[in-house]
Amino acid sequence: MPAGISIFTLSALCLFYVLFIFSSVHVRSQHIDSHVRLQELCYMCGRAVQTGSAVWNLCLTAGRIEGRCCFRNNSSEENNIFGLDLSNCSLSHIEDLYEASAAVMIDLSSNPISNLSDFLFQGFNRLTHLILPIKLECPGGNTSWDKVMVKRDTRTCEGQRNACNGTGQMSWDCPENSFCKPYGPGFFECSCAHTFHGYKCLREGQFPMLEVMAILGGSTVVLSALLWVTQRRKAKGI
């Protein structure tokens with residue numbers, strides 16, 4: 001019996017160790033992929049931020065320049081793009097700017113872009129200045145911005161408005177027990193109110209983390225026991 005318990009315990013520990021290693025490798029892989037995508041975005045034009053541009057002026061006092069990106073200095077968010085200048089890059093289309101979702105200023109002017117996806121700036125809650133080629137409309141429409149200015153060949157969208165009207169309270173667009181949160185120009189998302197969770201925020205109380213972990217732990221123990229019994233029978237049959 002002691003030997004059986006020892007093998008059973010060893011099997012469980014080995015399974016937990018494998019799961020831990022797998023999760024660690026997965027997290028590290030995601031971090032590396034994010035860094036690669038960040039570098040690709042910042043250096044996709046092959047030149048640095050243009051001197052005298054809006055992003056250049058923003059970065060003079062607020063951070064450092066790397067390629068076409070501006071990063072904050074001495075901040076907990078120093079690895080987040082603060083400003084992005086992709087002006088005059090000969091871009092005909094843009095598929096993804098997710099790595100710049102924390103930016104407050106983005107310049108896409110002087111590019112032959114014919115249209116942009118309605119969801120390109122979804123999640124860009126901090127974006128307050130967006131400079132576009134004149135033929136493009138501000139994402140979310142003019143009503144999603146405090147000011148829209150047209151000058152020469154550019155359209156500037158300033159001051160992103162709160163899609164929830166700034167109330168932060170219950171919204172008729174959100175289910176009961178939830179509240180509205182802005183999620184980029186023209187977008188919002190519904191978050192469960194305190195103590196509510198689950199589908200449509202219908203469950204009340206804290207998320208049962210201990211119960212979930214107990215179920216997962218129990219499943220792992222049962223799986224390990226079955227594995228041990230199976231191997232034990234095979235060993236006896238030899």
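**Entry 1: E137 and R155**

I looked up E137 and R155 and found that their side chains form a salt bridge, with N and O 3.8 Å apart. For a salt bridge I require a side-chain nitrogen of Lys or Arg within 4 Å of a carboxyl oxygen of Asp or Glu. E137 sits in the loop between β5 (129-133) and β6 (145-151), while R155 belongs to strand β7 (residues 154-160), so the pair ties together parts that are 18 residues apart in sequence. I take helices (H or I, at least four residues) and strands (E, at least two) as DSSP runs, numbered from the N terminus. R155 counts as buried, at 12% relative accessibility. Here buried means under 20% relative accessible area, exposed means over 50%, and partly exposed lies in between (1.4 Å probe, protein chains only).

**Entry 2: what I am working with**

The model is predicted, and local features need pLDDT of at least 70, side-chain atom pairs count only at pLDDT 80 or more, and totals for chains, interfaces and linings use all residues. Residues are numbered from 1 along each chain as its sequence is written, and side-chain values use heavy atoms, with hydrogens and water left out.

**Entry 3: other salt bridges**

How many salt bridges are there by this rule? I get five.

One of them joins D146 and R161, with the closest N and O atoms 3.1 Å apart. D146 is in strand β6 and R161 in the loop between β7 and β8 (178-182), so this pair ties together parts that are 15 residues apart in sequence. I noted D146 as exposed, with a relative accessible area of 54%, and R161 as partly exposed, at 39%.

Another joins the side chains of E66 and R64, at 3.0 Å from N to O. E66 is partly exposed at 24% relative accessible area, and R64 is partly exposed at 27%.

**Entry 4**

I followed E66 into its strand. Strand β1 (residues 63-66) and strand β2 (residues 69-72) pair in the antiparallel sense over four bridges; I count two strands as paired if DSSP finds at least two bridges between them. The bridge partner of E66 in β2 is C69. The hairpin has two residues between its strands, and G67 there takes a positive phi near 65°.

R68 is also in the loop between β1 and β2. Is R68 buried or exposed? R68 counts as buried, at 0% relative accessibility. I then checked its side chain for polar contacts (pairs of N or O atoms within 3.5 Å; within protein, one must be able to donate a hydrogen and the other to accept it, and residues adjacent in sequence count only if both atoms are side-chain atoms). A polar atom of the R68 side chain lies 3.1 Å from the backbone oxygen of A48. The backbone oxygen of S87 lies 2.9 Å from a polar atom of the R68 side chain.

**Entry 5: positive phi outside glycine**

I listed S90, a residue other than glycine with a positive phi, near 60°. S90 is in the loop between β3 (81-85) and β4 (105-107) and counts as exposed, at 63% relative accessibility.

I also listed T195, again not a glycine, with a positive phi near 80°. T195 lies in the loop between β9 (188-192) and β10 (196-197) and is partly exposed, with a relative accessible area of 27%.

**Entry 6: nonpolar cores**

I defined a nonpolar core as a set of buried Ala, Val, Leu, Ile, Met, Phe, Trp, Tyr and Cys residues joined through side-chain atoms within 4.5 Å. Which residues touch the most other members of the largest core? They are I81 and F121, in a core of 29 residues. At least two residues of this core come from each of α1 (2-42), β2, β3 and β5. α1 gives the most, with three residues.

Leaving aside neighbours within four places in sequence, I81 is in contact (heavy atoms within 4.5 Å) with residues including L38, C69, F71 and A103. Apart from this core lies another of seven residues, among them V49, C59, C70 and M105.

**Entry 7: the whole chain**

Last, I took the totals. The protein has three helices and 11 strands, and from the N terminus its elements run α-α-β-β-β-β-β-β-β-β-β-β-β-α. Of its 238 residues, 33% count as buried. Among contacts between residues at least 6 apart in sequence, 35% join residues at least 24 apart. The accessible surface (Shrake-Rupley method, 1.4 Å probe; for residues, only the protein chains shown count as cover) comes to about 15400 Å², of which 58% belongs to carbon and sulfur atoms.
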